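The sequence and the structure come first, and the description follows.

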Amino acid sequence: MAREFTRVGVVGLGTMGAGIVEVFARNGIDVVAVEISDAALERGRANLTGSTDRAVARGKLAEADRDALLGRVTFAVGLAALDSVDLVIEAVPERLDIKQRLFAELDRVCKPEAILATNTSSLSVTEISVATTRPDQVIGIHFFNPAPVMKLVEVVRTVVTSADVVADVEALCVRLGKVDVTINDRAGFIANALLFGYLNQAIGMFEARYATREDIDAAMKLGCGLPLGPLALLDLIGLDTAYEILDTMYRRGGRDRRHSPVPLLRQMVTAGLLGRKSGRGFYTYERPGSGKLVPDELTPDPAALAPADGARAVTKVGVVGSGELAAGFVAAFTTAGYEVVPVDPSTGLGQLGDVDLVVEAVPDDLSVKKALFVGLGEVCKPGVVLATTTSALPVIELAMATGRPADVVGLHFANPATPLVEIVRTIRTSAEATDTARAVAAALGKTGVVCGDRAGFIVNALLFPYLNDAVRMLEANYSTTGDIDNAMKLGCGYPTGPFELLDAIGLDVSLAVQRALYRESREPGLAPAPLLEQLVTAGRRFQV
Ligand SMILES: NC(=O)c1ccc[n+]([C@@H]2O[C@H](COP(=O)([O-])OP(=O)(O)OC[C@H]3O[C@@H](n4cnc5c(N)ncnc54)[C@H](O)[C@@H]3O)[C@@H](O)[C@H]2O)c1
């Protein structure tokens, strides 16, 4: 028989703690909610009532149920109020010293049989547990943000956590309506180990002005179907928490440079830009705690983005290529009202003398594309925008082959169905050519995002290292394909898990992209996972 939890304690009522209180109280469990000071307690109470009021307003919670839920919560300053609870979970800041001090205190205050749980994202549960005299009753219960919404809970057992405690907590997760994945104590567990390298890399892109914050976020939302772009997600997580998680991941997780916090993140935390909780992070919010965006000095001026601004008139479009992709472009441009001249590269370039835009979709091979761009430079009239749809080659190489690099852009459509186009601007592309590409993307009904000319552009550069990391995690036998896929879907709201996605993309294509990223960056962490190479060699898939 699993242990019955009738009364639990939650320590720290910030971004996560208030949501965890809500999860317990919603499921009929009495909660003692503890903060460090009166002011923090009031903020925590406001977090909880704000969230439950929103649930009522959205029709997700009846008023009477909200009142009953709030009636189950007792608020207190200080740990003494936790003397009668069956389980405590803490959600205080992500610092080992703070958590160890807290656990030593909890050990003194709580009943001897009480389970002591941490919601840590990256710290060692084992190191936290040894601050108590009952390490066998210490466990990680890692909820996801927002706790009332995200289905996943990672249950983290250490080498000394007792099997009964693990089973009791697993049963509790079921009672809370959550899906649990039970795993060992490793930095970042499943989801954060796969998520945070990606988030840090996105900050790096923003810091390097590779693309705007709006374009980085739109690329990942529209290109991968994610619920939030990486920078908006960081604002939701809290930049101070994100900084601590990255720093711990770097130190505990093998000193992978990809986890070393990008300097901008530290600067933002120091400057008090903590994300939604302080009202300002990568974006600006209506007020602290709000998720409602308000314009700030970085918000693009809609007038400046108007297609007319600097864009050249395009009425006639040449589409070069004979494959499916080329046929897709012919159809898309025709539907959008353009006059289309489809040509086969071996024969028909001469017909492109009077087009305003050329889009090529010939095989993604440098020598084939280069030869084509030499030809385009010879036959096209001046001022034509020449676009390559390459997903892997440096656009500048093709631009230089034309003799008119200012007119050359990349137009990367991940696949014809995605609503996204990455517009790749090389160091020689003119503003007019970029504006023209934006206008054409809009006319096709797509969102255009502008980025620099680096391997993988925005989407693939951020997506594939994460996929490769998932393969490495599997290779290390930390978890299974099913649990890893579930963790990303239920913990982070991804539409597909990494293994499902790798199978859908094709492992050979995935390996080629990963190799291109590695070749350009020489980042050791980006080297293709040996298991991926082996599966490609063997002609196998994950088949999840
Ligand atoms: N933010 C996320 O998205 C997220 C997701 C999953 C897990 N976590 C984990 O949850 C924990 C909390 O993170 P957060 O983002 O909610 O932090 P937060 O900064 O939003 O909230 C921390 C709260 O703890 C309180 N506090 C600090 N010291 C305390 C003490 N000694 N006793 C009682 N309360 C104390 C603070 O007043 C604050 O309200 C961290 O371990 C973090 O890694 C965070």
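## Helix H1 and what follows

Just after helix H1, Gly28 has a positive phi of about 80 degrees. Helices here are DSSP runs of H or I with at least four residues, strands are runs of E with at least two, and both are numbered from the N terminus. The model is a predicted one: local features need pLDDT of at least 70, side-chain atom pairs count only at pLDDT 80 or more, and totals for chains, interfaces and linings use all residues. Residues are numbered from 1 along each chain as its sequence is written, and side-chain values use heavy atoms, with hydrogens and water left out.

Buried means under 20% relative accessible area, exposed means over 50%, and partly exposed lies in between, with a 1.4 Å probe and protein chains only. The buried residues of H1 are Gly17, Ala18, Gly19, Ile20, Val21, Glu22, Val23, Phe24 and Ala25.

## Overall form

The protein has 20 helices and 17 strands. Its C-alpha trace spans about 85 × 50 × 40 Å along the principal axes.

Of the 544 residues, 54% are buried. The protein exposes about 22200 Å², and carbon and sulfur atoms supply 54% of this area. Accessible areas come from the Shrake-Rupley method with a 1.4 Å probe; for residues, only the protein chains shown count as cover. Among contacts between residues at least 6 apart in sequence, 68% join residues at least 24 apart. A contact means heavy atoms within 4.5 Å.

## The ligand

Which residues come nearest to the ligand? Of the 23 residues around the ligand, they are Glu35, Glu94, Lys99, Ser121 and Ile237. A residue is near a molecule if one of its heavy atoms lies within 4 Å of it. The shell divides into 10 nonpolar, 9 polar and 4 charged residues. In this grouping Ala, Val, Leu, Ile, Met, Phe, Trp, Tyr, Cys and Pro are nonpolar, Asp, Glu, Lys and Arg are charged, and the others, Gly among them, are polar.

Oxygen atoms of the ligand take part in several polar pairs. An N or O atom in the side chain of Lys99 is 2.6 Å from a ligand oxygen. A polar backbone atom of Met16 lies 2.8 Å from an oxygen atom of the ligand, and a polar side-chain atom of Thr15 lies 2.9 Å from one. The ligand on its own has 830 Å² of accessible area, and the protein covers 87% of it.

Thr52 is in helix H2, residues 38-57. Is this residue buried or exposed? Thr52 counts as buried because its relative accessibility is 0%. Its side chain reaches the backbone oxygen of Thr49 at 3.1 Å. Apart from neighbours within four places in sequence, Thr52 is in contact with Glu22, Leu61, Arg66, Leu69 and Leu70.

Leu69 belongs to helix H3 and is buried, with a relative accessible area of 1%. With the neighbours within four places again set aside, the contacts of Leu69 are Glu22, Ala25, Arg26, Thr52 and Leu61. Asp67 is also found in H3, which covers residues 63-71, but Asp67 is partly exposed at 45%. The side chain of Asp67 makes a polar contact with that of Arg66 at 3.1 Å. A polar contact is a pair of N or O atoms within 3.5 Å; within protein, one must be able to donate a hydrogen and the other to accept it, and residues adjacent in sequence count only if both atoms are side-chain atoms.

## Backbone details in loops

A cis peptide bond, with omega about -5 degrees, joins Asn145 and Pro146. Pro146 lies in the loop between strand E6 (138-143) and strand E7 (152-157).

Arg209 is not a glycine, yet its phi is positive, near 55 degrees. Arg209 sits in the loop between helix H7 (191-207) and helix H8 (213-224), and is exposed, with a relative accessible area of 73%. Arg255, also not a glycine, has a positive phi of about 50 degrees. Its place is the loop between helix H10 (239-252) and helix H11 (263-270).
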